[in-house]
Amino acid sequence: AKGALAQAIETGATFAEYKKSMSGFLEAEGILSANPFHLEICFKNATLGSFQHGRLRQLTTPTMLKARPAWIYKTAGDSRVREAHRLLAGQVRLATDPFWENHFPPGGHACRCTVEAMSLSEAEETGFSKGPAPAEFDEGWAGTPQRWLEGLD
């Protein structure tokens with residue numbers, strides 16, 4: 001299951017394609033009949049988390065940090081955004097701000113939030129956020145994708 005998930009992420013497979021590739025195993029193990037939504041949330045968490053890990057790697061390259069040293073927290077902007085994530089939307093802080101140690105998405109199951117890089121002039125124009133975070137992530141989700149994946153290949 002883990003290998004199939006890694007392959008789905010690598011190839012950009014949809015959930016339906018992943019589920020189809022796993023159908024024999026899932027039926028034999030009784031996974032789909034026990035909780036049909038469990039597989040989907042695991043798939044979403046893995047793919048969205050993988051995306052954010054890649055995003056963090058892009059944002060922290062020396063070239064990017066030099067050109068765009070500030071980051072802004074963004075949500076999907078629709079009615080499904082959790083209240084805590086909505087409160088974090090628009091937070092503008094330097095990439096080196098300790099805020100990002102506990103507020104880099106994903107911040108909960110199926111979190112669709114992201115972080116975008118900004119130049120210093122863009123960040124100053126938007127306005128830097130100050131003080132403590134206006135909200136916290138869902139329990140157990142604080143940290144960065146990089147921290148979650150330390151030691152993994």
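The legends below describe close-up views of a predicted model.

**View 1. Strand S1 and its pairing with strand S3.** Strand S1, which spans residues 70-74, pairs with S3 in the antiparallel sense, and the two are joined over 5 bridges. Within this pairing, alanine 70 has methionine 118 of S3 as its bridge partner, while tyrosine 73 stands opposite valine 115, also in S3.

**View 2. Strand S1 and its pairing with strand S2.** S1 also pairs with S2, again in the antiparallel sense, here over 3 bridges. Tryptophan 71 has arginine 93 in S2 as its bridge partner.

**View 3. The surroundings of glutamine 91.** Glutamine 91 lies in the loop that runs between helix H6 (83-88) and strand S2 (92-94). Because its relative accessible area is 10%, which is under 20%, glutamine 91 counts as buried. Leaving aside residues up to four places away in sequence, glutamine 91 touches Trp71, Ile72 and Tyr73, together with Phe99, Trp100, Ser129 and Pro134.

**View 4. The kinked helix H2.** Helix H2, covering residues 15-29, has a kink of about 60° that is centred on serine 23. Among the residues of this helix, Phe15, Tyr18, Met22 and Leu26 are buried. Just after H2 comes glycine 30, which takes a positive phi of about 70°.

Methods. Residues numbered from 1 in each chain as written. Predicted model: local features only at pLDDT ≥ 70, side-chain atom pairs only at ≥ 80, totals over all residues. Heavy atoms only, no water. Helix = DSSP H or I, 4+ residues; strand = E, 2+ residues; numbered from the N terminus. Buried < 20%, exposed > 50% of the residue type's maximum accessible area, 1.4 Å probe, protein only. Contact = heavy atoms within 4.5 Å. Pairing = 2+ DSSP bridges. Bend = angle between axes of the 7 residues up to and from the residue.
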